[in-house]
Amino acid sequence: MEKYLFVYYGGEMAATPAEQKKSMDAWMNWFKKQGQAVVDAGNPTMPGKLVNKSGVKVITGKKVTGYSVFQAAGMEGAVAIAKTSPQLVSGEIAIYQIMPTM
């Protein structure tokens, strides 16, 4: 089984506590359904900075809003997991295979 980094883009925080609970319940149920495939359920992320030898700047364009790590038997398996994610209601997911080097 390979590991895959799911990077979440978009999506919005629900406006009311009831809607927030409904959203969180959807996420928790989704993670539960994935069972052993969940390596790290991850967390939401805040706006970030891009650092290079020229300095530091605010990241513009698509903003990463969260991440998770899953294991699957190939990219097709990872895509199948992603297709059932609550993230797809109002956002999208980029999937990257994690190469084991350490």
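**Reasoning from cut-offs in a predicted model**

Tutor: In this predicted model, K62 lies over the face of Y9, at 5.5 Å from the ring centre.

Student: What makes K62 count as lying over the face of Y9?

Tutor: The distance from the ring centre of Y9 is 5.5 Å, and the limit for a charge over a ring is 6 Å, together with a position within 35 degrees of the ring normal. K62 is therefore assigned to the face of Y9.

Student: Why is S85 called buried?

Tutor: The relative accessibility of S85 is 6%. Buried means under 20%, so S85 belongs to that class. In the chain, S85 sits in the loop between α2 (75-82) and β6 (91-98). Leaving aside residues up to four places away in sequence, S85 touches Y8, W27, W30 and I93.

Student: Why is G35 called partly exposed?

Tutor: G35 has a relative accessible area of 40%. Buried requires a value under 20% and exposed a value over 50%; G35 therefore falls in between. From G35 to F70 the separation is 35 residues in sequence and 9.9 Å in space, C-alpha to C-alpha.

Student: How many aromatic pairs does the structure hold, and why is the pair of W30 and F31 called tilted?

Tutor: There are 7 aromatic pairs. In the pair of W30 and F31, the ring centres are 5.1 Å apart and the planes stand at 45 degrees.

Student: What makes β2 and β6 edge strands?

Tutor: The open sheet has 4 strands in the order β2-β5-β1-β6, with antiparallel pairing. β2 and β6 each pair on one side only. On average, neighbouring strands are turned by 15 degrees against each other, direction ignored.

Student: Which strands does each helix lie across?

Tutor: α1 lies across β1, β2 and β5, at about 20 degrees to β5. α2 lies across β1, β5 and β6, at about 155 degrees to β6.

Terms used
Residues numbered from 1 in each chain as written. Predicted model: local features only at pLDDT ≥ 70, side-chain atom pairs only at ≥ 80, totals over all residues. Heavy atoms only, no water. Helix = DSSP H or I, 4+ residues; strand = E, 2+ residues; numbered from the N terminus. Buried < 20%, exposed > 50% of the residue type's maximum accessible area, 1.4 Å probe, protein only. Contact = heavy atoms within 4.5 Å. Phe/Tyr/Trp six-rings, centres within 6.5 Å; stacked < 30°, edge-to-face > 60°. Pairing = 2+ DSSP bridges. Axes fitted to C-alpha atoms, helices over the stretch in contact; angles between N-to-C directions.
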